[in-house]
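Here is a short note for a colleague opening this structure for the first time. Please read the points with the view beside you.

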Amino acid sequence: QVQLVESGGGLVQAGGSLRLSCAASGRISGSYVMGWFRQAPGKEREFVAAIRWTLGSTYYADSVKGRFSISRDNAKNTVYLEMSSLKSEDTAVYFCAARSRPTARSMGLMTSADFDSWGQGTQVTVSS
């Protein structure tokens, strides 16, 4: 397992942008899938986006498609989540997650149970 540390959260006005970073310590091998989840107060943790480490293929929740972009920097062992056109409903704690075990499962079918390492979370608050 790897250790994950998120950063970049904060307060932003609706329509604004933020970039979240997730720095991983430890070696990320080619089989890894990296993901972002979020949890709003009183709600369950929900999938936001995921990326396969080697292939770079991505998948997004419908609620963020076209507004958010996930990417990775292999040399820095870091995953990013670029968020734009932010809405008040994007307010949540955002968590970075890693799945180390190889899987052929579509990222669109993955849930939080598929990931085995988690960061501590970073708060994103969008004011309307």
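Predicted model: local features only at pLDDT ≥ 70, side-chain atom pairs only at ≥ 80, totals over all residues.

Leaving aside its neighbours within four places in sequence, which residues is Arg67 in contact with? Point 2 takes this up. One caution comes before it.

1. **Arg67 and its contacts.** Arg67 sits in the loop between strand E6 (58-60) and E7. Beyond its neighbours within four places in sequence, Arg67 touches Glu82, Met83, Ser84, Ser85, Leu86, Lys87 and Asp90. Is Arg67 buried or exposed? Its relative accessibility is 11%, so Arg67 counts as buried; the cut-off for buried is under 20%.

2. Strand E7 covers residues 68-73, and strand E8 covers residues 78-83. The two pair in the antiparallel sense, over 6 bridges. Together E7 and E8 make a hairpin, with 4 residues between them. In the turn, Asn77 has a positive phi of about 55°.

3. Begin with Asp73: its bridge partner in E8 is Thr78. Then find Arg72, which stands opposite Val79 in E8. Both pairs can be followed in the view.

4. E7 and E8 belong to an open sheet of 4 strands. The order is E1-E3-E8-E7, and the pairing is antiparallel. Which strands are the edge strands? They are strand E1 (3-7) and E7, each pairing on one side only. From one strand to the next, the twist averages 15°. As background, strands of a sheet pair through backbone hydrogen bonds, either parallel or antiparallel.

5. **The disulfide.** How many disulfides does the count come to? The count is 1 disulfide. That bond joins Cys22 to Cys96, with an S to S distance of 2.0 Å. The torsion about the S-S bond is about -80°, so the disulfide is left-handed. Cys22 lies in strand E3 (residues 18-25) and Cys96 in strand E9 (residues 92-99), so the bond ties together parts that are 74 residues apart in sequence. Both cysteines, Cys22 and Cys96, are buried.

6. **The surroundings of Cys96.** Cys96 has a relative accessible area of 0%, so Cys96 is buried. Leaving aside neighbours within four places in sequence, the contacts of Cys96 include Leu4, Met34, Gly35 and Trp36. Ser117, Trp118 and Gly119 are also among them. Glu6 and Cys96 are 90 residues apart along the chain, yet their C-alpha atoms are separated by 6.6 Å.

7. How many salt bridges does a search of the whole structure find? The search gives 8 salt bridges. In one of these, the side chains of Arg19 and Glu82 meet at 3.9 Å, N to O. The pair links distant parts of the chain: Arg19 is in strand E3 and Glu82 in strand E8, 63 residues apart. Arg19 is partly exposed, with a relative accessible area of 44%. Glu82 is partly exposed too, at 37%. In general, side chains of opposite charge can pair when their charged atoms come close.

8. Asp62 and Lys65 form a salt bridge through their side chains, at 3.0 Å, N to O. Asp62 is exposed, with a relative accessible area of 64%. Lys65 counts as partly exposed, at 47% relative accessibility.

9. Another salt bridge joins the side chains of Arg99 and Asp114, at 3.8 Å, N to O. Arg99 lies in strand E9 and Asp114 in the loop between E9 and strand E10 (117-118), so the pair ties together parts that are 15 residues apart in sequence. Are Arg99 and Asp114 buried or exposed? Both are buried. Elsewhere, salt bridges that share partners join Arg38, Glu46, Arg67 and Asp90 into one network.

Notes:
Residues numbered from 1 in each chain as written. Heavy atoms only, no water. Pairing = 2+ DSSP bridges. Buried < 20%, exposed > 50% of the residue type's maximum accessible area, 1.4 Å probe, protein only. Contact = heavy atoms within 4.5 Å. Axes fitted to C-alpha atoms, helices over the stretch in contact; angles between N-to-C directions. Disulfide = S-S within 2.5 Å. Salt bridge = Lys/Arg side-chain N within 4 Å of Asp/Glu carboxyl O.
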